[in-house]
Amino acid sequence: MTAPALSKTAEWRHRLLRRHIVGAVAAVLLRVAAVAGIAALVLLLVVVARDGLDRLSWDFITSYPSRFASRAGIRSALLGSLWVLELTAAFAVPVGIGAAIYLEEFAPRNWLTRIIETNINNLAGVPSIVYGLLGLALFVRAMELGRSVLAGALTLSLVVLPIVIVSAREGLRTVPPSIREASLALGATRWQTVWHQVLPAALAPMMTGVILALSRAIGETAPLITIGALLFVPFDPHGPLDSFTVLPIQIFNWVSRPQPAFHQAAAAGIIVLLAVLLGMNAIAIAIRYWSERRRQW
Amino acid sequence: MAMTETRPAVRRSPRRRRLLRLQEAPVLGLLFLCAAISILTTVGIVIVLVEEAVGFFREVSVLEFLTETRWTPLFVEKHFGVLPLLSATFLISALALAVAVPVGLGAAIYLSEYASPRVRAVLKPSLEVLAGIPTVVYGYFAITFIAPELLQRFLGQQTAFSALSAALAMSVLLLPMVSSLSEDAMRSVPASLREAGYALGSNRFEVAVRVVLPAALSGIVAAVVLAMARAVGETMIVTIAAGNVPNLSWNPLEAMQALPAYIVQVSLGDTPAGSLEYKTIFAVGLALFICTLLLNVAAQWLLSRFREAYE
């Protein structure tokens, strides 16, 4: 019963040593795991740059696609992407911000609001290709918009809407309740409070989130293939009812061909696509930086 | 308005207040409509998928759909067994998660328990960049790097396409999802629990694995389930990298076709509306929708339980 202090036994020292070793090894492994993702990112960028940088030129950006890999370019795809992005923003941003304002500022706490909120969370998890099927049956067939820019933009609006709503709500939440209370105390109605106080204050953080949400629309491929965006478009889209292609679909088209020359074109297209995304992210971050410097609370 | 300007003290009569509220009613209605569009979207998805799928099941029995082992709707001799597509989706997702979950969880533990605030401020957003890269880019990566330079060289993969190549590319995409959400869960574990662990003489790793990990478990499981839903519905990577041959096999080095890849394959062809081929993509889409919906509901249930525990 009179055991010697545990710390003196050989077994205890042995166990302590083992715990130290396990801890040290784990620390290294965890660090490796944390860096693994970054390593994959760097590798991916290096592979794309290796294959595509030589192919990238002004001609590549201003030429139409071609059967000959060396002459193929992304002009119509880039224009198509811009068309789709603009129209998607035109639908998704007002509706998304409207929904966010309703849920954040007006919605009563009842079963209907709970259903809407749960529903938005679920929609964010629906695979984008399922939206493509909805767009195909609803916009392309039932509304007879055909395989047009408009049908594509409406479909993508539905895809990004849940994300736009969530990020707009986060923007609204950056405005402290005291601002609202002050406005209401001065006799403003709830809408006057939202319109004159909350929205101006929340605009910049909302825009940051919304731009990031829209940047997802630029990279979406599957729903647009499903609604029947074309693979080969040797002309510029001129209006919302024209047929179109987008950058990711053009890249997909080139990737699916066996010839290495088309793979190079795909890599060059990826560089342009990533540059567009980088630009949008830079704008979003610039807005956030600028708004945080100007914030008065 | 002119009246109120002449009077220094603005006291609105109840009637005027009611009028103001009445004027705002249409605005409020419009805002509600914006929020209600999300409900309409869900209803629309369900109606469209079910309507076309019912048309499909009128011609093909549910039993054949679920038990037949061949999927050849585009051939002359048609068979409609969804098993090859389901098994491919399951295999690719499982392999992708088998890589993404341990690595992502390791990264989350490092970020939450080991990294200094400065390291964390750099590492976390860099990891999240991976989630923002378009999936065609991962497809390109799989087919020009993972397949030829890793799998064909070291594992003896025969063709340019394989389930494993798609799974590895997908695991990179899933990594930030797993790590970000798990890290959020682990960071919201109260510091007092960790301090209790240290006070009992545990080292950093023991506290992370025996105290923080169990306390954040439901959040971590939710992260994994969400990643699973993402993997099941991910389309472009499997379309580009896994090949487009329905193949009931468990060999990850073979080419196979996943559920969403079939939808893309049919969409690329010119399929007339109303034909059986047209209806198959909605039946397949319905299967996909049900899988991801169940996973998402499970994840949200886990998350709401987890919030109750620690806030």
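Trainee: What does the domain assignment of chain B give?

Mentor: In this predicted model, chain B is assigned domain 1 (14-59) and domain 2 (83-309). Over C-alpha atoms, the centres of domain 1 of chain B and domain 2 of chain B are 33 Å apart.

Trainee: How many residues does each of the two domains of chain B bring to their contact?

Mentor: Domain 1 of chain B gives eight residues and domain 2 of chain B gives eight residues. On the domain 1 side there are five nonpolar, one polar and two charged residues.

Trainee: Which element of chain A supplies the largest share of the side that touches chain B?

Mentor: Between the chains, 65 residues of chain A are in contact with 71 residues of chain B. Helix α1 (residues 10-52) of chain A supplies the largest share of the chain A side, 18 residues. That side of chain A holds 45 nonpolar, 16 polar and four charged residues.

Trainee: Why is α1(A) called roughly perpendicular to α4(B)?

Mentor: The axes of α1(A) and helix α4 (residues 83-114) of chain B cross at roughly 110° and come within 7 Å. Angles of 65 to 115 degrees count as roughly perpendicular, so α1(A) is roughly perpendicular to α4(B).

Trainee: What is the handedness of the crossing of α1(A) and α4(B)?

Mentor: The crossing of α1(A) and α4(B) is left-handed.

Trainee: Which residues meet where α1(A) and α4(B) touch?

Mentor: Among them are L29(A), L30(A), R31(A) and G37(A) in α1(A), and V103(B), G106(B), I109(B) and Y114(B) in α4(B). The residues of this contact of α1(A) with α4(B) divide into 12 nonpolar, two polar and one charged.

Terms used:
Residues numbered from 1 in each chain as written. Chains lettered and ligands numbered in written order. Predicted model: local features only at pLDDT ≥ 70, side-chain atom pairs only at ≥ 80, totals over all residues. Contact = placed C-beta atoms within 7 Å. Helix = DSSP H or I, 4+ residues; strand = E, 2+ residues; numbered from the N terminus. Nonpolar A, V, L, I, M, F, W, Y, C, P; charged D, E, K, R; others polar. Domains from an automatic or database assignment. Axes fitted to C-alpha atoms, helices over the stretch in contact; angles between N-to-C directions. Parallel < 35°, antiparallel > 145°, perpendicular 65-115°, else oblique. Left-handed = near helix turned anticlockwise from the far one by under 90°.
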